[in-house]
Amino acid sequence: MVNVLRFFFLCIALLFSTYMNDDTAFAEQKQTLFVKHHVKGNNVFVECIVDQFTFTKGTRPKQNGQGRIHIYVNGKRVSETTTAAFVIRGLPVGKHTIRLELVHNDASKYHVSHEFTVMIP
């Protein structure tokens, strides 16, 4: 019983020390960008999940865990978003490669991106 309690308190102490400083915890974690998309007509509806991340508007000093997503269509940057769900509107008929890139408040890169292809009928 004493060993179980000792193990429990050790786990709590490790968790507390890991997440006590948000910047440190963020820096140690590799950011991931999970993306779901759906084509309807000539629009692409996109939903993103980014762990421990806050979308922010405007240019601000660089802070880990904050920023936006740059949107590229066929290699050309077309927009940016500060929301996790958005629509890419008015794509012409044909095949398109879409790349979403996570960036800091100051537009520097996290080096995290997701690329997918859509077909507009």
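The model is predicted: local features need pLDDT of at least 70, side-chain atom pairs count only at pLDDT 80 or more, and totals for chains, interfaces and linings use all residues. Residues are numbered from 1 along each chain as its sequence is written, and side-chain values use heavy atoms, with hydrogens and water left out.

Strands are DSSP runs (E, at least two residues), numbered from the N terminus. Two strands pair if DSSP finds at least two bridges between them. Strands of a sheet pair through backbone hydrogen bonds, either parallel or antiparallel.

Three strands form an open sheet in the order β1-β2-β6. Their pairing is antiparallel. β1 (33–40) and β6 (85–88) stand at the edges. Each has a single partner strand, so one side of each lacks a neighbour in the sheet. From one strand to the next, the twist averages 20°. Angles run from 0 to 180 degrees between N-to-C directions, with axes as lines fitted to C-alpha atoms. Strand β2 (residues 43–50) pairs with β6 over four bridges, in the antiparallel sense. Phe45 has Val87 in β6 as its bridge partner.

His70 stands opposite Glu101 in β7. Ile69 has Thr81 in β5 as its bridge partner. The hairpin of β4 and β5 has two residues between the strands. In this hairpin, Asn74 takes a positive phi near 55°.

Eight of the eight residues of β4 are buried, so the strand is largely enclosed by the rest of the structure.

The Arg68 side chain reaches the backbone oxygen of Gly58 at 2.4 Å. A polar atom of that side chain also lies 3.1 Å from the backbone oxygen of Asn105.

Glu80 is found in β5. This residue is partly exposed, with a relative accessible area of 36%. Its side chain makes a polar contact of 3.5 Å with the side chain of Arg68. Another polar contact, of 3.3 Å, joins the side chains of Glu80 and His70. Contact means heavy atoms within 4.5 Å. Not counting residues up to four places away in sequence, Glu80 touches Arg68, Ile69, His70 and Ile71. Glu80 and Leu102 are 22 residues apart in sequence, and their C-alpha atoms are 9.8 Å apart in space.

Glu101 lies in β7. Its relative accessible area is 8%, so Glu101 is buried. The side chains of Glu101 and Arg99 make a polar contact of 2.7 Å. Leaving aside neighbours within four places in sequence, Glu101 is in contact with Arg68, Ile69, His70, Tyr72, Lys109, Val112 and Ser113.

Definitions and conventions: A polar contact is a pair of N or O atoms within 3.5 Å; within protein, one must be able to donate a hydrogen and the other to accept it, and residues adjacent in sequence count only if both atoms are side-chain atoms. Buried means under 20% relative accessible area, exposed over 50%, partly exposed in between (1.4 Å probe, protein chains only).
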